Amino acid sequence: MSAIIEIRQLTKRFARRTAVDRVNLTIASGEIFGLVGPNGAGKTTTMRMLVTLLQPDHGEIWVGGHSVRKDPRQVRRIIGFMPDSFGVYGDMTVYEYLDFFGACYHLPPLQRQSLIKDLLELVDIGHRRDDMVDTLSRGLKQRLGLARVLIHDPSILILDEPASGLDPRARVEIRELLLEIAHLGKTIIFSSHILADVAELCTSVGIMESGKLVAVGTLDELSEKAVPHRLIQISFLDQIDIENAQAALSSLPGISQVRLKDGLGKADWLSLEAEFIGDDEALSQLLGKLVEQRLPIVHFSEETQNLEEVFMRATRGIVS
Amino acid sequence: MIPENQGTPLEPAASMASDGKAAARKHPFRRALDNPVILKELRGRMRGRQAFILLTVYLGLIALFIVLIYNAVFGVESLTWDPSSRQIAGKVIFGTVVLLELLLLSFIAPGLTAGAITAERERQTFDLLRTTLLSARSLVLGKLGSAFSYLLLLILTALPIQSLAFLLGGVGLGELVVSGVMLVVTAIFFCTLGLFFSSFMKRTLPATVSSYAAILGSFLVLIMIFFLIAYFESTSFGSNSVREYMLTVAIWVLISTNPFMAAVMSEVILVDEQSLFLTNSPLFGSSSLTLPSPWIIYVLFYLGLTFIMIIISIYNVKRPDR
């Protein structure tokens, strides 16, 4: 996949504080890229520079091959930006709102009519077409915001905290909607505090802290870097001596630590959790050796490292 | 699903560019109507009750003043059927309505535009607009155009009330045209003043306060003029003194840049000298100096200032945050 966004040595200072510090980042076309980090990490500042709202102090950004500094108008043609706060015109209907933004992109009136109909269907608020924007719930406003960013058919969507402040149901719906939009071939870049959203949606992730991009890659790559071992969970029928099983497991190659684990699976299972270093082949051999030892295994699985742990490890130390 | 007619992601950019060129070929008036901001603002303004209430209060005030003046003039029985008195009454009514309109427009206009850009910032829609292809010029001119359209409505709806003066006579076509031009220029200027403060301030309230403070400040010039005139009338310069010329011109400019003084002096010159464009030795009489009628200076000065403020406002809206 070709790079659609290139950020080189991007730096932004506000008075004495460096909000974004020499950030380098490449995002490939068609990716869903999640930018995560604590409040004040520099996510919003980076996004605002990306969408031509803020002038960088140093460095350069190319969006679709266009320089944000030299060619902001071309950049605006191919991006759709949704800020973290939903901007509404209270005195407009849903249709008028989209029609106004369509006109701001110089779309002809007839084309706007059919586009708005299709977009309202896409985000599933066609039934609220003639309602005033102010009367929509936050979740519906966010859907309308997504329809707005799609009005000129941009190839890149830049969404700042799209799920913030939404109830769990609305969050899931927005997540599904974003996946549907990604299937249309759009590149989506979004920031979020909600790590679960990022973990479920993103093809790659960037973690920011104190203005720096401290980690970037796919979730698997980040997991590998942040947590080098794999976590294996094994359950046995309760007819065995669990301490013997623990000793047997500890003696196998690749296993570093073995702990007793409660509350995994059924009440009458006995479970162990082990840290394992090795690839999939080694993992398969490990299972084979356990079976060879005739241990009554009923469950064998690898616990996927969650983004929360990756995030905590990636950002650890920088805050303090 | 996404509409099929949208094509590949980069196609619309090309079609939008050609749309832009087509728009550039259009007549300026059609282009103004194509401005999405004008349509949005006018729709929003006329949708609420506020616009109609303001219009009613505006016309009600003007009508009330006319009734008061009419009664004051015709309450004196001896004047009722005298043609020259009727003409004077016509002029007084016409002049009062124009001065009242000037006053009302000066106060309504900045109120319409002081929140034009700051409200977008407060509503957090400013960033949305700045990431579209809407140019800063379209945004500023759209806001200005919609506010001015509403003020034009106020000026036009006051015409039937003003026409009472025409029944009495004494008001010529020249006065009508000059007053119309002055009202329109005043409306444009004060709209631009509000927009100017709105373009660089963060919140609507300080922008509104600053606009009105600027207006009050300019009205204070009026008081200054009276003091200056009183002072110089009591001072002798000797004939053809350069200093007298300079002071005459300076005071003339001060008079001409105040809406009320400019309107009154233009009328005085029209009545005294039967001249719409030029006047001779208007102030002290000891020197012979031909000057343009105040309304001409007024129109040129405020149109020039309006143009400069529009350019600065566009620049303020255009520049990215730093």
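Two strands pair if DSSP finds at least two bridges between them. Strands (E, at least two residues) and helices (H or I, at least four) are DSSP runs, numbered from the N terminus. This is a predicted model: local features need pLDDT of at least 70, side-chain atom pairs count only at pLDDT 80 or more, and totals for chains, interfaces and linings use all residues. Residues are numbered from 1 along each chain as its sequence is written, with chains lettered from A and ligands numbered from 1 in the order in which they are written.

Q: In β9(A), which residue is the bridge partner of A:F33?
A: Strand β3 (residues 32–36) of chain A pairs with β9(A) in the parallel sense, over four bridges. Within β9(A), the partner of A:F33 is A:S204.

Q: Within what arc do the buried residues of α6(A) fall?
A: A residue is buried if 20 or more other C-beta atoms lie within 10 Å of its own, exposed if 12 or fewer, and partly exposed in between; C-beta atoms are placed from the backbone. In α6(A), A:I174, A:L178 and A:I181 are buried. They line one face of the helix, because seen down its axis (by directions from the axis to the C-beta atoms) they fall within an arc of 60°.
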